[in-house]
Amino acid sequence: METTRLQQKQQTRQKILAAAYRVYAQKGFSAPTAAIAKEAGVSHGSIFAHFASQAQLVEALLEQFGTQLGAGLHDLAENNADLQGLLRAHLALLARHEQFYLHLITEKGQLPPQAKLTFANLQSVAAYHFGRVLQHTAAAQNGVPPYMLFNTWMGLVHYYLMNKELFSPDAPLLPRYTDELVHTFLTLAQIGEEQK
Amino acid sequence: MKTCIACGMPMQKPADFAGGDMTKDYCIYCARPDGTMQSFAEKRAGMIRFLQETQGMEKAAAAEIAEASMRKLPAWQAQFRKGAAADGDAE
Ligand SMILES: [Zn+2]
């Protein structure tokens, strides 16, 4: 009996988190908890039976998101030894969460401290795996530090995302620009390769 | 799947574990050359160095992130209860 109740409680909690993900992806993190309750099909009070505050709900959601995306990044790095494969897999992974990720990077300054940590952890996982591949590029051999190459890649991707209204106002941005972003970065990273 | 108690890294294959020993709770990156687990100060310094090297972070910002990550990991709970985070600030 007790297990069933516990399972139900877990299920409701999961349902609220999944609804919060969808609502925040669509409307950003300032969306009211009432909208999340409606999306989850639970009463407004039920949210606060599972999370003491909206901040705690956001923290739990980001922790879950960070773990998921971090594991995805880890896997793609294990399976993509070359830079092109890694870049494409990275964008494919972010594309699955494009809207949510975009709100996370643009609004993280206003989010609870956990958001900053989630983002930092994600960057650490990505930076570590990218660093292992980037250190072999011509650019790195020519003295550009691998962290600078990683930051250049993230800068490029985030610039396009943050200015989505200029580049792809009506459709998901990453699928549309993957070829161009990957080609551009690869070309830059490989400049000077012939002279070696 | 196990995750390292000292840094949170997922450990899947033997090579991820300290000394290749899958019964260990910490990873290859958290082990000293003799196989024992790094101390709080060693790990903290290592994480700061890692953040600086892989992301080019400023040192104080890297320290803040290193401590926030360590605060969540099972291996360092006692240190944070003692309020020892600042002790690692040597150097
Ligand atoms: Zn570790």
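**Entry 1: two domains**

How many Å separate the centres of domain 1 of chain A and domain 2 of chain A, taken over C-alpha atoms? I found 28 Å. Before going on, I noted that this is a predicted model, where local features need pLDDT of at least 70 and side-chain atom pairs count only at pLDDT 80 or more, while totals for chains, interfaces and linings use all residues. I also noted that residues are numbered from 1 along each chain as its sequence is written, that chains are lettered from A and ligands numbered from 1 in the order in which they are written, and that side-chain values use heavy atoms, with hydrogens and water left out.

The domain assignment gives chain A domain 1 (1-51) and domain 2 (54-190); such bounds come from an automatic or database domain assignment. I then looked up the contact between them, counting heavy atoms within 4.5 Å. Domain 1 of chain A puts in 19 residues and domain 2 of chain A puts in 17 residues. About 1500 Å² is buried between these two domains of chain A, and carbon and sulfur atoms give 69% of that area. Buried area here is the accessible area (1.4 Å probe) that two parts lose on being put together, summed over both.

**Entry 2: chain A as a whole**

I counted secondary structure next, with helices (H or I, at least four residues) and strands (E, at least two) taken as DSSP runs numbered from the N terminus. Chain A has 11 helices and zero strands. Its C-alpha atoms fill a box of roughly 70 × 40 × 25 Å along the principal axes. Of the 196 residues in chain A, 49% are buried. For this I used under 20% relative accessible area as buried, over 50% as exposed and anything in between as partly exposed (1.4 Å probe, protein chains only). Among contacts in chain A with a separation of 6 or more, 70% join residues 24 or more positions apart.

**Entry 3: the cores**

Which residues touch the most other members of the largest nonpolar core? They are A:Tyr24, A:Ile36, A:Leu57 and A:Trp153, in a core of 65 residues. A nonpolar core is a set of buried Ala, Val, Leu, Ile, Met, Phe, Trp, Tyr and Cys residues joined through side-chain atoms within 4.5 Å. Helix α4 (residues 54-79) of chain A gives this core its largest share, 10 residues. Domain 1 (1-51) and domain 2 (54-190) of chain A each supply at least three residues to the core.

I followed A:Leu57 further. Leaving out residues up to four places away in sequence, A:Leu57 touches A:Ile16, A:Leu17, A:Ala20, A:Tyr24, A:Ile36, A:Ile47 and A:Phe51. Another core lies apart from the largest one and has 24 residues, including B:Met11, B:Ile48, B:Met57 and B:Ala66.

**Entry 4: a few residues of chain A**

Is A:Ala19 buried or exposed? A:Ala19 is buried, because its relative accessibility is 0%. This residue lies in helix α1 (residues 2-27) of chain A. Beyond its neighbours within four places in sequence, A:Ala19 is in contact with A:Ile36, A:Glu39 and A:Ala40.

A:His129 sits in helix α7 (residues 113-134) of chain A and is buried at 5% relative accessibility. Setting aside neighbours within four places in sequence, I found A:His129 in contact with A:Leu73, A:His74, A:Ala77 and A:Leu86.

A:Gly155, in helix α9 (residues 146-162) of chain A, is partly exposed at 37%. Helix α6 (residues 98-107) of chain A is mostly covered, with eight of its 10 residues buried.

**Entry 5: the zinc ion in chain B**

Which residues coordinate the zinc ion? I found B:Cys4, B:Cys7, B:Cys27 and B:Cys30, each through SG, at 2.3 Å. Donors are N, O and S atoms within 2.8 Å of the metal (3.2 Å for Na, K and Ca); water is not among the atoms, so sites may look incomplete.

Why is the arrangement tetrahedral? The four donor atoms subtend angles of 106 to 116 degrees, and four donors count as tetrahedral if all angles lie between 85 and 135 degrees. In sequence the donor residues are spaced C-x2-C-x19-C-x2-C. B:Cys7 lies in the loop between β1 (2-3) and β2 (10-11) of chain B and B:Cys27 in the loop between β2 and α1 (40-55) of chain B, so this pair ties together parts 20 residues apart in sequence. B:Cys7 is partly exposed at 24% relative accessibility, whereas B:Cys27 is buried at 0%.

Key
Tetrahedral: all angles 85-135°; square planar, octahedral: opposite > 155°, others 65-115°.
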